[in-house]
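Trainee: I am new to this structure and would like a close look at one part of it. Please take a sheet and go through its strands and their neighbours.

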There are 2 protein chains.
Amino acid sequence: MIIPACGARVACVSSHYDDEQLVAALRAALSVDRVLDSPFEKVLYAKDASAIAPEDPGVVCLATSTAEVAAAVAIANRFGRSITPRGSGTGLAGGTIPLERAVVITTTKMNRVLEVHEHDGYAWVEPGLLNLDLTRAVSARGVHYAPDPSSQQTCSIGGNVGTNAGGPHCLLHGVTSAHIIAIEVVLPNGEIAVLGDIRGDAAGYDLRGVFVGSEGTMGIATKIAVRLTPNPPAIRTLLADFSTIREASKAVSAIIASGLLPAALEMMDANCIRAVENWAHAGLPLDAGAVLLVELEGVVDVVNDGVADVSRICTAQGAGSVRVAADATERALLWKARKSAFGAIANIKPNYYLHDCVVPRTRLAEIMDEVTRIADEQELIVLNVFHAGDGNLHPLLVYDKREPGVVDRVHEAGRQIIEVCIAAGGMLSGEHGIGLEKRDYMPLVFSAIDLDYQARIRLVFDPDQKWNPGKVLPGGSSCGEALHDASGPVVVAGAWV
Amino acid sequence: MIIPACGARVACVSSHYDDEQLVAALRAALSVDRVLDSPFEKVLYAKDASAIAPEDPGVVCLATSTAEVAAAVAIANRFGRSITPRGSGTGLAGGTIPLERAVVITTTKMNRVLEVHEHDGYAWVEPGLLNLDLTRAVSARGVHYAPDPSSQQTCSIGGNVGTNAGGPHCLLHGVTSAHIIAIEVVLPNGEIAVLGDIRGDAAGYDLRGVFVGSEGTMGIATKIAVRLTPNPPAIRTLLADFSTIREASKAVSAIIASGLLPAALEMMDANCIRAVENWAHAGLPLDAGAVLLVELEGVVDVVNDGVADVSRICTAQGAGSVRVAADATERALLWKARKSAFGAIANIKPNYYLHDCVVPRTRLAEIMDEVTRIADEQELIVLNVFHAGDGNLHPLLVYDKREPGVVDRVHEAGRQIIEVCIAAGGMLSGEHGIGLEKRDYMPLVFSAIDLDYQARIRLVFDPDQKWNPGKVLPGGSSCGEALHDASGPVVVAGAWV
């Protein structure tokens, strides 16, 4: 599956002799117990939360400080080894699977909140801090960290930066990039730099913006200045049930068109409702074809008016009932139902493959029909739970990998779903990143010139192509420099619209 | 003033013989009347709207299509000449002043709206289209282009992209970068590419984000896909007057702290109120120390509640009166007053120098005192009209350049204002860009490593350093490649916090 990123590149197959020296050097710089090299210990770091096959990490470093990360990078560089940065390993696109027996540097032990400046709206944290732990640490001060992936109990801020992660509340607040003010990074050459600035939007070229979402190909974050969002004075949560996905989709469009800006606007289909209700007992309507979970936040009277508006719109679009959470407990229960979908499906089958495409909101219903058709053809069960407000689909294929041939059918269905979404004017990823999973689909959405410049930007940071090799860009697009070593520039006409 | 960007670089001093051949080649590719080479014609393209001294453009090309832009770029490259892209020339940081007798390529004649897709929320336009003309062209379809610089009647979308321009309504909607979906560009080597994607947030590295705000150093935009924002069902505008800037600043903080999200939140000081009222006759209170202009937009009942909340907060913070615009005419009049400040000051003195710094909102009042003190010391009149909601100051120094020594005093005051803002935890620029004006201040806010990587990113696009030379980065920071030609990487410790 792994295509060398560039023809000129020499594949790195390390000898066991090298490995021993490497491990010894890393242990001298870190500590014996935080440099793992036994197969038993390394297996945890061989994969992420996706269904993509694991790869052997050469060695795993559990760093506890910027200095340790820099030391590990310097040592890996000295041994000519590739490096794969890693957070909690909750990624869903294979972004932290270590190819080329890379040195894995994980920041899970760097999980402190360093400084909180709630009045100035930011905090400095370490990258291994879990997303929900950040919000817990600052909530008494009246603020929170807005992006809330479903995995927020287990995913780290550093990993969120790597994938530019989303979450239900990103509809109003924007995805991770909008909440990262500055990042201390150890660059591929071992230098330490701070990208971005806590004093405000930096002028000049936006290095911070380039780094967010770079999936470990441009260095490793060691401290992160996150934006803290004031807790809204009022939050109200509604659950509306519809007999069909089509009706629910129309309600989504009508809510957005009305000028309302919900904080979150999520949809679950019938399969998902049943799986979740069996597990979370949140009182979801088991006979519904789809439910919308809508949250509004802001000043009290403004939010109350919004609740009335959303209720009216949902009813007009055919909602069977609209339930408004009476209190914080009921609200928490509804969100538990939404965010535990991935756990709940374990009751159906032991394995799942979760997709992540963005489609035009106006084509939601039709594409959901297509997704169902594709799953039926491949004899798979599909559940849908997703960010309807911004058209970010998450078809969830459940299966039992012990069933012969099923993994192939899961991959085939995934390929068809991606192609259907892109053909409908959609995009490869809303929030999970590209990783290994979608690398080879990149030419479907980017021109050759665009991919070439992306590769060159990557080379600015990582000229030796050692950082998270094989991720993000398809094979062949990392040869930006080579193109210009030829007699002249390669001209490829750019298509527009 | 101009420091060569890199020691290795050969300054380009073209001969007149070259000039004649260059002009002939450009005229053959474009047309005789759209390639200007007489001093009389070129003088219009020698400066922007700042007080920075003009420079001689080698030749000026008025392109009418992507093909003509690409042809002009290819010819300039063949002659080894620098290129400075230009929009309407309303920039305030010297970003389009042509150094090195650059070939100026202006897109003012490329001003068509190409396609409007209001239901999908975007339009393709040409870069020379004026900002306000875009909104006028789409307003009948119920949408508008949200970023609204004060110069919106005369500034172009291409120029807005170059500087990542702001505007009063960017408080709610975000600055230009949030409204640019994709950009067709002619790259420095003559290739044509589309950065970004109308199908949604592109995965991979964000080339679109790097290009927005690159001030003509990475190529020239030839078509732009802009986001169209639905017109809100309701808009209400309030004017609150206060006896001091300090009171008005506290009201700003209280409004933001309440959880309200105004679309715009602008302040004018006493000098500005008087200058504007004399000109626009909008009924501004001539005895006020400061006024706040607050705009709310959204669903009708939500906005009405917001108006009541803002009125209550302003009154509690000491507002003498709060006036709510009764209708669209009165609203337009208040905005005319705000946006005509720069014209109105012509009644005071013939020249002005407008600054652009961002400061922490909590320190607004104290920094305004400092600005007044600095202006007094330099015996200059200062007016303040600015985006208070996001702490983006615009001290406006008015003067008559025929007065001996005054220009030096204006520059000295400007330097001190910038330093005070940065010392208070502020940033160099909120929306005008860096250009020539603030290039040499960049090391005040960026580390050496950061500037080095910015220079390398620039080199990815413009390896020959021919595009808008001397802009954005300070002298010496464009030598990124040279650093790595040495025996090892240059390690400079990055400071954080």
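Mentor: What follows describes a sheet in chain A and then a strand in chain B. The model is predicted, so keep that in mind throughout.

Start with chain A. Five strands form an open sheet there, in the order β5-β6-β10-β8-β9, and the pairing is antiparallel. The edges are β5 (113-117) and β9 (192-196) of chain A; each has a single partner strand, so one side of each is left without a neighbour in the sheet. On average, neighbouring strands of this sheet are turned by 15 degrees against each other, direction ignored.

Now take the end of the order where β8(A) and β9(A) stand. Strand β8 of chain A covers residues 180-186, and five bridges join this strand to β9(A), the two running antiparallel. Within that pair, A182(A) stands opposite G196(A) of β9(A). A helix also belongs to the picture: α3 of chain A (residues 66-78) lies across β8, β9 and β10 (220-227) of chain A, and runs at about 50 degrees to β8(A).

Five of its six residues are buried, so β18(B) is largely enclosed by the rest of the structure. Two strands can be named as its partners. Four bridges join β18(B) to β20(B) (residues 395-399), antiparallel, with I381(B) opposite V398(B). Two bridges join β18(B) to β13(B) (residues 264-269), also antiparallel, and here F386(B) has M267(B) opposite.

Key: Residues numbered from 1 in each chain as written. Chains lettered and ligands numbered in written order. Predicted model: local features only at pLDDT ≥ 70, side-chain atom pairs only at ≥ 80, totals over all residues. Heavy atoms only, no water. Buried < 20%, exposed > 50% of the residue type's maximum accessible area, 1.4 Å probe, protein only. Pairing = 2+ DSSP bridges. Axes fitted to C-alpha atoms, helices over the stretch in contact; angles between N-to-C directions. Contact = heavy atoms within 4.5 Å.
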